[in-house]
Amino acid sequence: MDKVTTLLFDIDGTVLNTDEFILQATEHALREVGYPVPDRSVINKTIGIPFPEYYIILSGANDKIDALTEAHRNFQYKNFHLAKLFPNSLATLKSLKERGYKMAAVTTRSNKTSNQTLIDTGVFELFDVVISFEDAHARKPDPAPLFKALEYFKEVPEKAIMIGDSDLDVQAGKNAGTKTIRAVYGFHSENLHNPEPDFVIKDISELLDLLP
């Protein structure tokens, strides 16, 4: 991977441990709007699916989706402290930055929540750019957010790697023409090889051995 210059990071489940940030917001929203709350194992399988599909699956209905989304986001605006760094995220990102890599965060979340969680956990300044839903108006596996980041860097996909914890991240990378790394310590343990990533890591610090 000597030719790689650019690293595109998913946030949730890759850089940040946002289990409680997302799960508690989901549980709150469903209770607030009057729907039963499924087991967390069920919620975990839907994380990464964009709104409104996320709440259609979890509520079993297609009404009150706006109310569910609003309740979810309002909870998160008051509870940014629930988003935590994975143990080796800060040191790994700093080392990669020192090695000269261009780095972007590419997320399906809104810019208000994504930026604030990165600021509060002390890693916002390590990214050259953060691409949120509002920036590309498309969500992974659509390659548009990745192309937006590559456009910012004026870089070609062949010199980039998409790093994420879900099959959607890997598929987005393949759709964009980048290399792909699957982080298996995050939310998603399903479809680990569908599609097949170029590399798999069990801890973010393993990037330091993969990348020169």
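## Cavity

A cavity is a set of points, on a 1 Å grid over the protein atoms alone, where a 1.4 Å probe fits but cannot get out; its lining residues have an atom within 4 Å of a point. This is a predicted model, in which local features need pLDDT of at least 70, side-chain atom pairs count only at pLDDT 80 or more, and totals for chains, interfaces and linings use all residues. Residues are numbered from 1 along each chain as its sequence is written, and side-chain values use heavy atoms, with hydrogens and water left out.

The structure holds 1 cavity of 30 Å³ or more. The volume of the largest cavity is about 420 Å³, a volume being the space filled by probe spheres set on the points, which are joined across faces, edges and corners. Its lining consists of 26 residues, and Asp12, Ile22, Gly48, Thr108 and Arg109 lie nearest the centre. Two or more lining residues come from each of H4 and helix H9 (167-176), and H4 gives the largest share, 3 residues. Helices (H or I, at least four residues) and strands (E, at least two) are DSSP runs, numbered from the N terminus.

## Sheet

An open sheet is formed by 6 strands in the order S5-S4-S1-S6-S7-S8, with parallel pairing; two strands pair if DSSP finds at least two bridges between them. Strand S5 (129-131) and strand S8 (199-201) are the edge strands, each pairing on one side only. From one strand to the next the twist averages 25 degrees. Axes are lines fitted to C-alpha atoms, for helices over the stretch in contact, and angles run from 0 to 180 degrees between N-to-C directions.

Strand S1 (residues 6-9) and strand S6 (residues 160-164) run parallel and are joined by 4 bridges. Leu7 has Ile161 as its bridge partner in S6. Helix H8 (residues 144-153) packs on the sheet and touches S1, strand S4 (102-106), S5 and S6; the direction of H8 makes about 150 degrees with that of S4.

Phe147 is found in helix H8. Phe147 is partly exposed, at a relative accessible area of 39%. Contact means heavy atoms within 4.5 Å; leaving aside residues up to four places away in sequence, Phe147 touches Pro157, Asn175 and Ala176.

Gln76 lies in helix H4 (residues 65-77). Gln76 is buried, with a relative accessible area of 4%. Buried means under 20% relative accessible area, exposed over 50%, and partly exposed in between (1.4 Å probe, protein chains only). Apart from residues up to four places away in sequence, Gln76 touches Phe21, Ile22, Ala25 and Thr113.

Key. On a 1 Å grid over the protein atoms alone, a cavity is a set of points where a 1.4 Å probe fits but cannot get out, and a pocket is an open set with protein on both sides within 12 Å along at least five of seven lines; lining residues have an atom within 4 Å of a point.
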